[in-house]
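Open the model in your viewer and keep the sequence panel beside it. The tour goes from stop to stop, with something to select at each.

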Amino acid sequence: MLESEIQQHQTETEMNREKWRTAQQLHTPSDTDVLACRSDVDLGAMKKISSMFSTLQEKLHRTKRSASDPSTPPGPGPPPAPDRRHTGQLFFEYLLVVSLRKRRSEEGYEPHITYQFPKREVMGRLQREEEEKCMKAAHLFCFPEGINWAPLTEYSSETFSFVLTEVDGSRRNGYCRRLLPGGNGARVPEAYCIISRVACFGLFSKIFDEVEKRRLISKAMIYPFMQSLREAPLPAPGHTVRISSFIPEAGTEVISLTRPADSWLEHVDFRSLFRFLTDEDLLMVFSAAVMERRIIFLSEELSTLSQVLHAVAALLYPFVWQHTFISIVPTVLIDVCAAPTPFLLGVQKSMLDLLTDRSDLMIVDLSAGAETRFITRIGDEESLLPAKLRAGLLTRLSARTHHATTDELNRLVSEAFLTVFIKTVGHFSEHVKSRQFQKKSFLKAVDHRAHLSFIKLFIQTQMFDLFIQEEEKQPNPNGFFHRKVSEHRERKKEKKKKDRWVRGVVV
């Protein structure tokens, strides 16, 4: 892993640093992984928490088998042609309603599950034990503020997301909507939480709208809707599935759920970035993320934190952030902010005073009316990107319009930042020989010498290293990034031909 350079502290600090390095080498940490990295918690217990999703795939296989059509006779015969409109995946695994109740012996509130679908009674014993650990992790992220709650008469609902990572590195997404339950007088919020393998924030926001509508009528109305959703095939990117659902006094409704065509952008809304950051600010954040630095975003709104962190991670495409990623850091895990390794963290601003060590950090304040966006940063972020690439990015970002749809904006922004990687490291495939990346020839072949210092830094990152490892094992010449690189090369060739023709005419 690429290590952040930090000052040498006491021997104990060095030992803690070594523990973090070891944890990073084992697997990519995410929201739940950080539970296993706290130095003040028993390591044996933390190992159990970090492995709590190990039986998930077996459960999914059982679910898929049980959901298959029992009327289809067994026996030989050609398999049916795959329906490219569907993926074969489930929409979701669990829906939870998490409420707050007063603690018996101490002040404050603690979360507990008041509703779960599917019911625990339909699970086997081992499956129930494993999923119980999952539910405890979900508690932590549905109410990251901890026990300090007070009854409210008004509360604006908000939707946010988090990531749960299994021991094998596979990930599940948690989607949460918090709102004030029906009733009179002061009361504490409750949260709906959906656990799914699918990363698509907009899709699940719409599902939450339907769940919330039914919850206002009766909690019993949630079950048939979620059952219909669970039985429906997950649409492939760019396709739609329609679900029929009955509501008393309204009749049968048909709900259309569509996935965006660009699958790597379906969990992202770049509009959230421009609500809080200028274009110049965004380029500094991007530069720090590309160099795999330690970055913390501050906001009191959980939805802002989750949307911005996922958007920043998406700017790195086709590369993937490989280090600690926690879109919303619960209070009990605030110590993760002192980790010496790279991270992308979302922290509620009320916990800013708990960030005692701010060395080698970029802290971005997303609060409305913040005096400064960057509470602290290293200071070289404006010079990391080559000047021409930086100017080109600013030009392309300035082309966006206020009336652009989410898909249009996402496409414009993603292609703008993708150009940085195309122009700097897009020639990598020409230097993978006999499934071995030739770094020396790759660096010699850089088109623009002004890009060289940036490229030398970038190829040391974990995200580039793992990207190259995948290419060495299984090249993908038809992948999206490869196609964009080929298109860029063709445009360059055409431009050279045109320039030669113009020079010949002038002569």
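A residue counts as buried when its relative accessible area is under 20%. Keep that cut-off in mind, and remember that this is a predicted model.

**Stop 1**

Select Cys142. Is Cys142 buried or exposed? Its relative accessibility is 0%, under the 20% cut-off, so Cys142 is buried.

How many disulfides does the structure hold? The count is zero. Cys142 is in no disulfide, and the nearest cysteine sulfur, that of Cys176, is 3.7 Å away. A disulfide needs the two sulfur atoms within 2.5 Å. The 3.7 Å between the sulfurs of Cys176 and Cys142 is therefore too far for a bond.

**Stop 1: Arg177**

Move on to Arg177, in strand β4, which covers residues 171-179. Arg177 has a relative accessible area of 8%, so it is buried.

Show its side chain. Which side chain does Arg177 join through a polar contact of 2.7 Å? The partner is Asp209. A polar atom of the Arg177 side chain also lies 3.3 Å from the backbone oxygen of Ser205.

Now display the surroundings. Leaving aside neighbours within four places in sequence, Arg177 is in contact with residues including Glu158, Thr159, Glu190, Tyr192, Phe208 and Glu212. Ser205 and Asp209 are among its contacts as well.

**Stop 2: helix α9**

Select residues 302-314, which form helix α9. This helix has 13 residues. From first C-alpha to last, α9 reaches 19 Å, close to the expected 18 Å.

**Stop 3: His482**

Finish at His482, in helix α16 (residues 480-506). With a relative accessible area of 13%, His482 is buried.

Which backbone oxygen lies 2.9 Å from a polar atom of the His482 side chain? That oxygen belongs to Asn476. Not counting residues up to four places away in sequence, His482 touches Phe428, Glu471, Asn476 and Pro477.

Last, select Ser429. Ser429 and His482 are 53 residues apart along the chain, and their C-alpha atoms are separated by 8.5 Å.

Terms used
Residues are numbered from 1 along each chain as its sequence is written. This is a predicted model: local features need pLDDT of at least 70, side-chain atom pairs count only at pLDDT 80 or more; totals for chains, interfaces and linings use all residues. Side-chain values use heavy atoms; hydrogens and water are left out. Helices (H or I, at least four residues) and strands (E, at least two) are DSSP runs, numbered from the N terminus. The expected span of a helix is 1.5 Å times one less than its number of residues. Buried means under 20% relative accessible area, exposed over 50%, partly exposed in between (1.4 Å probe, protein chains only). Contact means heavy atoms within 4.5 Å. A polar contact is a pair of N or O atoms within 3.5 Å; within protein, one must be able to donate a hydrogen and the other to accept it, and residues adjacent in sequence count only if both atoms are side-chain atoms.
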